[in-house]
Amino acid sequence: IRNLPLILALLFVTPAPFYLSSCSVISGALQKADHNLSQEEIKQIATNITVRITGAKNGGSGVIIKREGNLYTAVTNRHVVDQADDYKIITPDGEIHPFEDGFYSNFYDIAIMQFQSDKNYTVATIGSLPDLKEEDKVYASGFPANSDKLLFTEGNFSFNLDQPLNNGYQIGYTNPIQQGMSGEAILNQKGELVGINARLAN
């Protein structure tokens with residue numbers, strides 16, 4: 001995995017029991033919703049855009065954020081894929097894909113992984129973080145450690161720091177998060193991606 005030129009910006013943070021998250025600036029392909037969606041509609045979006053990342057030493061979750069021909073790009077956390085390993089990306093249909101290429105930032109806890117497929121996978125729509133207000137509902141979806149079952153949770157947006165902390169952590173939320181769920185999607189009430197979960201704040 002190579003160093004990532006700065007095409008991604010992180011956003012995450014938190015006092016307990018808030019959670020740290022990061023946000024991508026790459027455009028998505030889903031049509032933007034002009035109204036809030038039901039929890040079930042958001043859960044379906046989360047299921048369709050979330051991938052599982054596995055390796056012999058490490059793993060976590062990721063989110064599909066881009067497609068160019070048969071080349072897909074997924075975003076995750078740097079600490080999910082920062083060890084030399086034979087990483088695989090498991091898409092929502094259960095297909096296992098070797099990653100084509102990878103990039104990570106030396107400054108932020110963010111990484112991207114790419115894989116090839118001729119199948120039509122859903123690409124996340126990127127939301128506007130400034131539109132979130134304190135106590136707005138946000139949703140998280142990812143794979144706990146050693147589990148192939150997607151966990152979908154509801155919580156509340158807590159804050160967006162003016163300046164990010166180390167590794168780019170900047171926004172906070174109250175969703176229940178389990179160990180191993182790094183790289184999972186944080187979605188707003190329109191089902192748009194506003195962050196990538198990083199870790200539980202101390």
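Where is the place of E135?

1. E135 sits in the loop between β9 (111-116) and β10 (137-142); strands here are DSSP runs of E of at least two residues and helices are runs of H or I of at least four, numbered from the N terminus. Although E135 is not a glycine, its phi is positive, about 80 degrees.

2. This is a predicted model, in which local features need pLDDT of at least 70 and side-chain atom pairs count only at pLDDT 80 or more, while totals for chains, interfaces and linings use all residues. Residues are numbered from 1 along each chain as its sequence is written, and side-chain values use heavy atoms, with hydrogens and water left out.

3. N146 also has a positive phi without being a glycine, at about 60 degrees. The loop between β10 and β11 (151-160) holds N146. N146 is exposed, with a relative accessible area of 81% (exposed means over 50%, buried under 20%, partly exposed in between; 1.4 Å probe, protein chains only).

4. The largest nonpolar core has 19 residues, of which I42, I49, V63, V75, A185, L187 and L193 touch the most other members. Such a core is a set of buried Ala, Val, Leu, Ile, Met, Phe, Trp, Tyr and Cys residues joined through side-chain atoms within 4.5 Å. At least two of its residues come from each of α1 (39-49), β4 (59-68), β13 (185-187) and β14 (193-200). α1 gives the largest share, four residues.

5. Beyond its neighbours within four places in sequence, V63 is in contact (heavy atoms within 4.5 Å) with residues including I49, V51, V75, A124, A185, L193 and I196. Another core, of 14 residues, lies apart from the largest one and includes Y72, Y87, F115 and Y121.
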